[in-house]
Amino acid sequence: MYYLESASMDPAWNLALEQFVFDQLGPREDCFMLWQNDRTIVVGKYQNVLEEINSTYVKEHGITVVRRLSGGGAVYHDRGNLNFTFVARDCQGGMIDFSSFCRPVVDALREMGVPAQINGRNDMTIGDKKFSGNAQYLRQGRVMHHGTLMFDSDLEVVGQALAVRPDKIQSKGLKSVRSRVTNIKPYVNDPQMTVEDFWAALRERMFWCFSMRKYQLSPQELEQVEELRKRIYSQWEWNYGHSPACSIRKERRVEGCGTLQIHMDVEKGNITRLAFRGDYFARKDSDALAEYLQGTPLEEGALRQALKDWPVEDYFVRMDLDTFVAAMLQ
């Protein structure tokens, strides 16, 4: 397994580095990476950015917004937060599996005295408070698993910068972001531990857990990362994009899956434009499903017939055909 770490705090650079590692190093070797961003909101691939952030607060406080390759929800990064990334062969046959990658991190935290546990669909928690959000990207027999570790983040900023959706608050009985998150630092054995110490301790534990060797990017590889940063992750079109300009908007929250927003136009009973947004995870790109369904009559029988060879759960993990069809027709 290769070990990499980024000295950059630039979120566009670090997401470009992740993609480079996945595309270029992943096919020949499993990888583990530690990295940090300066004040940043990282949104999931399928999210509508303007519905996930407090735009005024973000602008006033100079917080960067970037979009990642994986699905899931928005997370906040700052210099009190440490990020980890695994790139590995997909041994689960395309199934989303968080525990295999979270377990060694939880074990490392417990060695430091932290009573961490894996909880929910993609969280690590201390008691009922979340300190880590995780997401996965699966393609071509490989998986990229990445997660946050809020060691000493500014929790007030976390609460202000992220816009919590009313349906999520209602479904989970949540009052605020601030009341349901925590930092790791209050729980470690060493009260003087800094985020730099935490980074070193986690790295040491991962080297003990896995047979790792440090990988140094060549000048040519660094140029490829920079090209990805410029072409994709620093572009407004990727990070914000355009909200789907459709006349019909439907939304449903599915337990275990997340929120699905459906944007579409219908003419003479047929779907003419279609886009999906939300904080769901996907094994296959849901944009491909949206494109395929254009031209299909918006009718239950027609939708079921069209989807007979397109397993819905590949595009919206933990959602079945009945739930998807009901959401399209509601």
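User: Hello! In this predicted model, a charge sits over a ring if NZ of Lys or CZ of Arg is within 6 Å of the ring centre and within 35 degrees of the ring normal. Which residue lies over the face of phenylalanine 22?

Analyst: Good place to start. The rule asks for a distance within 6 Å of the ring centre. Here the distance is 4.6 Å, and the residue over the face of phenylalanine 22 is arginine 142.

User: Thanks! Which strands stand at the edges of the open sheet?

Analyst: Eight strands form this sheet, with mixed pairing, in the order S7-S8-S9-S10-S6-S2-S1-S11. An edge strand has a single partner strand, so one side of it is left without a neighbour in the sheet. The strands in that position are S7 (116–119) and S11 (213–214).

User: Which residue in S9 stands opposite isoleucine 126?

Analyst: Let's look at strand S8 (residues 123–126) and strand S9 (residues 129–139). They pair in the antiparallel sense over four bridges. Opposite isoleucine 126 stands lysine 129.

User: At about what angle does helix H1 run to S2?

Analyst: Helix H1 covers residues 11–25. It lies across strands S1 (2–5), S2 (31–35), S6 (81–89), S9 and S10 (142–150). Its angle to S2 is about 175°.

User: Now the aromatic rings. Are the planes of tyrosine 46 and tyrosine 280 stacked or edge-to-face?

Analyst: The ring centres are 4.9 Å apart and the planes are at 20°. Planes under 30 degrees apart count as stacked, so the pair of tyrosine 46 and tyrosine 280 is stacked.

User: How many residues apart in sequence are the parts that this pair ties together?

Analyst: Tyrosine 46 lies in the loop between strand S3 (40–43) and H2. Tyrosine 280 lies in the loop between strand S14 (270–278) and helix H10 (286–293). Both tyrosines are buried. The parts they tie together are 234 residues apart in sequence.

User: Is phenylalanine 316 buried or exposed?

Analyst: The rings of phenylalanine 316 and phenylalanine 324 are stacked, with centres 5.5 Å apart and planes at 20°. Phenylalanine 324 has 0% relative accessibility and counts as buried. The relative accessible area of phenylalanine 316 is 0%, and under 20% means buried, so phenylalanine 316 is buried.

User: One last thing: which side chain does a polar contact join to that of glutamate 52?

Analyst: Glutamate 52 lies in helix H2 (residues 49–52). At 10% relative accessibility, this glutamate counts as buried. A polar contact of 3.1 Å joins its side chain to that of glutamine 47.

Methods: Residues are numbered from 1 along each chain as its sequence is written. This is a predicted model: local features need pLDDT of at least 70, side-chain atom pairs count only at pLDDT 80 or more; totals for chains, interfaces and linings use all residues. Side-chain values use heavy atoms; hydrogens and water are left out. Helices (H or I, at least four residues) and strands (E, at least two) are DSSP runs, numbered from the N terminus. Buried means under 20% relative accessible area, exposed over 50%, partly exposed in between (1.4 Å probe, protein chains only). A polar contact is a pair of N or O atoms within 3.5 Å; within protein, one must be able to donate a hydrogen and the other to accept it, and residues adjacent in sequence count only if both atoms are side-chain atoms. Two strands pair if DSSP finds at least two bridges between them. Contact means heavy atoms within 4.5 Å. Axes are lines fitted to C-alpha atoms, for helices over the stretch in contact, and angles run from 0 to 180 degrees between N-to-C directions. Rings of Phe, Tyr and Trp (its six-membered ring) pair if their centres lie within 6.5 Å; planes under 30 degrees apart count as stacked, over 60 as edge-to-face and the rest as tilted.
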